[in-house]
Amino acid sequence: MKTKYFKQFFKATALALVISSSMQSFAQPVDEVVAIVDNGVILKSDLIQGVAELKHQLETQKREVPPQAFLEKQALDQLILRQAQLEQVRRYNVKPDEKSLNEAVMKVASQSGTKTLEAFQQKLDAMAPGTYESLRNRIAEDLAINRLRQQQVMSRIKISDQDVENFLKSPQGQAALGSQVHVIHARITPKDKQTANVESVAQQVKNALNTSNDIQAISKQYSDTKVQVEGVDMGFRSLADIPAELAARVSALPVGQTTELIPARDGVHVLKVLERKTSEQKALVPQYQTRHILIQPSEVVSPENAKHMIDNIYNRLKAGEDFTVLASTFSTDTGSARDGGSLGWVSPGVMVPEFEEKMKSTPVGQVSAPFQTQFGWHILQVTDTRQQDMTEEYQERMARQILGERQFETELDSWLRELRANAYVEIKQPNLDSNS
């Protein structure tokens, strides 16, 4: 989902390089407003650039370029939708972090054959002063829109535990888990198109498979001058490698059972499941039994006092005082303080990066030096470590991700339609109104 969007995003952004030499000429004093969208405006220069991008995309795809009037309406529709999203970006104060922005700009720079941001800036500004800043702002807007979409659309996607369970039992879910089945496959076809007893023979083959796994003998026994029975032991196959129609029939079939007759254009199929196995790969995750003491700045505790307090607690711990007592007495993390600072078994990815880094680097039994996160000043102690089998949890997360990706495009389209319908739009030039 995200990968697909970024591919589109980088293509669109790289396109700005194609027209960057003329970007500055768009924003002239004679520029006029062609549409008002909520609190923002779309200028004639924006429309010219949008049309140029559309034409470039169509030409790159070797598709016919429609008349100019049609292109202008299409470009304006896209600009209106973009402006409506930017209004939401400002409303929710969505901003890309500097690191992500630099990486995105560097991606475009690399596509143009430039190795550093400094060189890229010099290259663009040599075309026209301010071009680099314009492009960087465009990329920042695209990143913010993408983050807004993730936040707004993902909040609309609801996946129940039953949805997850049903998916994991489905052929697609079993295939995603690496499930394999050992299958016997029989196909019964007529040698003459006028033959009418194919299903009768297929039923006999099914009955024979109920009591025997000798597919070669069964094939030979039921083949005659009118009907051909082709049988093969497929061995272990991933459900992902079996045609979807057949995989759906065997995914939940008990071992030793045969499917019902499966009519198809190439004959009638019957399958029997001999064995079943899943991927033996386990999702082993390191976990850390951790406890901590937090001193959080507040209206009554200044940042300087918070640092002084955590240093004092650290010195008392080094002098041999009990961690549990000090955590219960002084920690401002009331949830863990009641349990002597215990956070239980902590998996990677749960805590903020600074905390996780310190947790991983602190030897078991030792007390860390005070360190700071966005929540305040911490001291932590790792009392034990283990490798935990998180296979089931991993499978559930994978299922939720796949189901979420399936719903994302539908929910995104729905959200964009609602956003467009609820936006105040005034088109200043009637010939640009797509409804006219």
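Asp311 counts as partly exposed, because its relative accessibility is 27%; buried means under 20% relative accessible area, exposed over 50%, and partly exposed in between, with a 1.4 Å probe and protein chains only. Asp311 is found in helix H12 (residues 303-318). In sequence, Asp311 and Phe371 are 60 residues apart, while their C-alpha atoms are 9.9 Å apart in space.

This is a predicted model, in which local features need pLDDT of at least 70 and side-chain atom pairs count only at pLDDT 80 or more, whereas totals for chains, interfaces and linings use all residues. Residues are numbered from 1 along each chain as its sequence is written, and side-chain values use heavy atoms, with hydrogens and water left out.

**The chain as a whole**

- The chain has 16 helices and eleven strands; helices (H or I, at least four residues) and strands (E, at least two) are DSSP runs, numbered from the N terminus.
- Of the 436 residues of the chain, 41% count as buried.
- Among the contacts in the chain with a separation of 6 or more, 69% are between residues 24 or more positions apart; contact means heavy atoms within 4.5 Å.

- Strand E1 (residues 33-37) pairs with E2 in the antiparallel sense over four bridges; two strands pair if DSSP finds at least two bridges between them.
- The bridge partner of Val37 in E2 is Gly40.
- E1 and E2 form a hairpin with two residues between them, and Asp38 in the turn has a positive phi of about 55°.
- Strand E2 (residues 40-43) has a covered face, made of Gly40 and Ile42, and an uncovered one, made of Val41 and Leu43.

**The helix pair H5 and H6**

- Helix H5 (residues 117-127) packs with helix H6 (residues 131-154) at an angle of about 115°, and their axes are 7 Å apart; axes are lines fitted to C-alpha atoms, for helices over the stretch in contact, and angles run from 0 to 180 degrees between N-to-C directions.
- Leu117, Phe120, Gln121, Leu124 and Asp125 in H5 meet Thr131, Tyr132 and Leu135 in H6.
- The residues of the contact of H5 with H6 comprise five nonpolar, two polar and one charged; Ala, Val, Leu, Ile, Met, Phe, Trp, Tyr, Cys and Pro count as nonpolar, Asp, Glu, Lys and Arg as charged, and the others, Gly among them, as polar.

**The sheet E4-E3-E6-E5**

- Four strands form an open sheet in the order E4-E3-E6-E5, with antiparallel pairing.
- E4 and strand E5 (262-264) stand at the edges with a single partner strand each, so one side of each is left without a neighbour in the sheet.
- Neighbouring strands of this sheet are turned by 25° against each other on average, direction ignored.
- E3 and E4 pair in the antiparallel sense over eleven bridges, and the bridge partner of Pro190 in E4 is Val227.

**Helices against this sheet**

- H9 lies across E3, E4 and E6, and runs at about 150° to E3.
- H10 lies across E3 and E4, and runs at about 165° to E4.
- The buried residues of H9 are Val198, Val201, Ala202, Val205, Lys206, Ala208 and Leu209.
- These residues cover an arc of only 160° around the axis, which puts them on the same side of H9; the arc is that of the directions from the helix axis to the C-beta atoms.
- The cover over the buried residues of H9 includes strand E3 (180-190), helix H10 (215-222), strand E4 (227-238) and strand E6 (267-277).

**The sheet E8-E7-E10-E9**

- A further open sheet of four strands has the order E8-E7-E10-E9, and the pairing is antiparallel.
- Strand E8 (342-346) and E9 stand at the edges, each with a single partner strand, so one side of each is left without a neighbour in the sheet.
- The twist averages 40° from one strand to the next.
- Strand E7 (residues 284-295) and strand E10 (residues 376-389) run antiparallel and are joined by twelve bridges, with His378 in E10 as the bridge partner of Leu294.
- E7 and E8 run antiparallel with four bridges between them, and Thr290 stands opposite Gly344 in E8.
- E9 and E10 form a hairpin with two residues between them, and the bridge partner of Thr373 in E10 is Gly376.
- Helix H13 (residues 323-330) lies across E7 and E10, and runs at about 60° to E7.
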